[in-house]
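Please look over the model below before reading on. My points follow in numbered form.

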Amino acid sequence: MGKFVRTLVTSALPYANGPLHIGHIAGAYLPGDIFVRYNRLKGNDIVYICGTDEYGVPITISAEKEGKTPQDIVDHFYPIIKDSFDKLGIIFDNFSRTSNPIHTETAQDFFLKFLEKDLLVKRESEQWYDPEKKMFLPDRYVTGSCPECGHEGAKGDQCEVCGKWYESVELKDPISLLSGKTPVLKKTTHWYMKFNEFQDRLKEFIDTRKDWKNNVINYCKGWLDEGLEERAITRDLDWGIPVPLDDAEGKKIYVWFEAVLGYISSTKEWAEKKGDPSLWEKYWKSEDTRLIHFIGKDNIYFHALMFPAMLMGYGGYVLEDDIPANEFLNLKGSKLSTSRNHAVWLHEYLEAFPPDPLRYILAANAPEGKDTEFSWADFQSKNNNELADILGNFIHRTLTFVHKYFDGKVPVQSKLNKSDGVLLTHIEEAVSKTGEAFSTFKVRNAVKHMMDLARAGNKYFNENEPWLTRKSDIERCATTLNMSLQSIKTLAVIAAPIIPFTSEKIWKFLNLSETLNWEQAGVTDLKAGHVLNIPEVLFKKIEDEQIEEQEQKLNGS
Ligand SMILES: [Zn+2]
């Protein structure tokens, strides 16, 4: 933490135009939740903010497709998204909506402040226009070829292949998504943010963020080398936050200018709910706040360059301390996609399986340094061979043994031998290594070190053969079980950020009165005679038929 006394964590605002899929979870939400859970366990002052992004063209396109209003769409998906997060154990301190009035106020305030500070310029320009539908086609209303890499089917504002963000008029071979026809260029007036004026300050900002992930720094340096340009921050749209000026009828604030401000308005809402409306300022305006954004790599431009520029431009705000952006989780070799229905949907997963196996698999496979792949076969194998056979088995065999032969009470620990010493070292290392991994956003390593302790526990149990020493050396047998239980206590703590539901169950088996917290990790103080609860199976094996069913769903989509 260093100079920081509090942390504000955000995860990218999901679009309220569809349910969540596992690609969203792997990139922006699970890594954020794991980091926040670790900090909460340590008792650190941390607030976790999110909400749905309810404006923008993807929402209006979904509405048109389904013959509904944009409001219908967002009202339908907000509770579905919120419910999926809850059930997966992604726990935000506040989960807001950008259609809430507090967000409109915040976004309009930023717009006016930028105008006042001469950071906006009003310009006439040409935009794509659909003569048949008689409307302008901002952003994703057009598709075409990427001006950077030539990828066909690039979105109107961004290429998913090379990551480039552009003005939609730069698109080659544009097609209107409304009529399927080639649009024409037509004059309109918009407000542009003088993004170029932030070039030097942003370069200095990025240069000081030496410990950021390479992918984030490299993307930013590439964009800065090209030189930043003015960006239009308004659009001709019906659905969005109105430009708060008299001469701006029909003009809305561009979703990418206002959506990131949702972090601020959601924090304001949180403070109001806490009964201390000015509390949000402590988290956004104090130098000793650490601001961290969890995002996928497609969001780097707006979080590492545009949002910092907006915070600098407004003035008085803290800037990002870190942006641990992740690469993509792919499915059958290609990126998951809401619009193409190429996904494993979270709400469907949660109907079929418990939350922790998915959390575990997505953490073990986190796309931290490069894109990774999800497959149902890997899901089954990690659930059965790792969670059930290693972690679940060690805990279950230890607790059932104690219930069977020691009356369900922690057995007495006698003289420790070399093998006990090795296990103690494993316990200590697991605590320090998982702690290091959690605090540096390395969830893959955290999973590995957590499982290393479970493996060490199983090995210890096997080598000490308590089923034999029970008859030949009861003191040795008791010590073996005592030590196994001590390591299970640490496992419960270090597993908590990754598989919180399981961790709570293990804590309950151990019948401990303290609430689970990080200080308990590595503390081998379970007292002889302490009564334990009867364990239940932690991870059910997943059968081939269950996997086939999911595979079929995927092929059918
Ligand atoms: Zn491209």
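**Notes on the predicted model**

1. D118 sits in the loop that joins α4 (101–116) to β4 (120–130). Helices and strands here are DSSP runs (H or I, at least four residues, for helices; E, at least two, for strands), numbered from the N terminus. D118 is not a glycine, yet its phi is positive, about 60 degrees. Most residues other than glycine have a negative phi. D118 counts as exposed because it has 9 C-beta neighbours inside 10 Å. The cut-offs are 20 or more other C-beta atoms within 10 Å for buried, 12 or fewer for exposed, and partly exposed in between, with C-beta atoms placed from the backbone.

2. On the basis of the model: it is predicted, local features need pLDDT of at least 70, side-chain atom pairs count only at pLDDT 80 or more, and totals for chains, interfaces and linings use all residues. Residues are numbered from 1 along each chain as its sequence is written.

3. K332 also deserves a check. K332 lies in the loop between β15 (329–331) and β16 (334–335). Its phi is positive at about 50 degrees, and K332 is not a glycine. K332 is exposed, with 11 other C-beta atoms within 10 Å.

4. The sheet comes next. 5 strands form an open, parallel sheet in the order β3-β2-β1-β13-β14. Strands pair if DSSP finds at least two bridges between them. β3 (94–97) and β14 are the edge strands, each with a single partner strand, so one side of each has no neighbour in the sheet. The twist averages 35 degrees from one strand to the next. Helix α1 packs on this sheet and touches β1, β2 (46–52) and β13; its direction makes about 160 degrees with that of β1. Angles run from 0 to 180 degrees between N-to-C directions, and axes are lines fitted to C-alpha atoms, for helices over the stretch in contact.

5. How is strand β13 (residues 289–294) covered? Mostly: 6 of its 6 residues are buried. T289, L291 and H293 point one way, R290, I292 and F294 the other, and all are buried. β13 pairs in the parallel sense with β1 (residues 6–11) over 6 bridges, and L8 stands opposite L291. With β14 (residues 320–322), β13 forms 2 bridges, again in the parallel sense. There, D322 is the bridge partner of I292.

6. Helix α1 (residues 22–41) also meets α12 (residues 355–364): their axes come within 10 Å and cross at roughly 90 degrees. α1 and α12 are therefore roughly perpendicular, a label for angles of 65 to 115 degrees, with under 35 roughly parallel, over 145 roughly antiparallel and the rest oblique. I22, I25, A26, L30 and I34 of α1 meet L358, R359, L362 and A363 of α12. Contact means C-beta atoms, placed from the backbone, within 7 Å. The contact residues are 8 nonpolar, no polar and 1 charged. Ala, Val, Leu, Ile, Met, Phe, Trp, Tyr, Cys and Pro count as nonpolar, Asp, Glu, Lys and Arg as charged, and the others, Gly among them, as polar.

7. Finally, the domains. The chain divides into domain 1 (6–109 + 255–351), domain 2 (119–253) and domain 3 (376–520), with bounds from an automatic or database domain assignment. The centres of domain 1 and domain 2, taken over C-alpha atoms, are 21 Å apart. Their contact takes 30 residues from domain 1 and 28 residues from domain 2. On the domain 1 side, α10 (300–314) is among the helices that each supply at least two residues. α10 gives the largest share, 8 residues. That side divides into 20 nonpolar, 4 polar and 6 charged residues.

Terms used
Contact = placed C-beta atoms within 7 Å.
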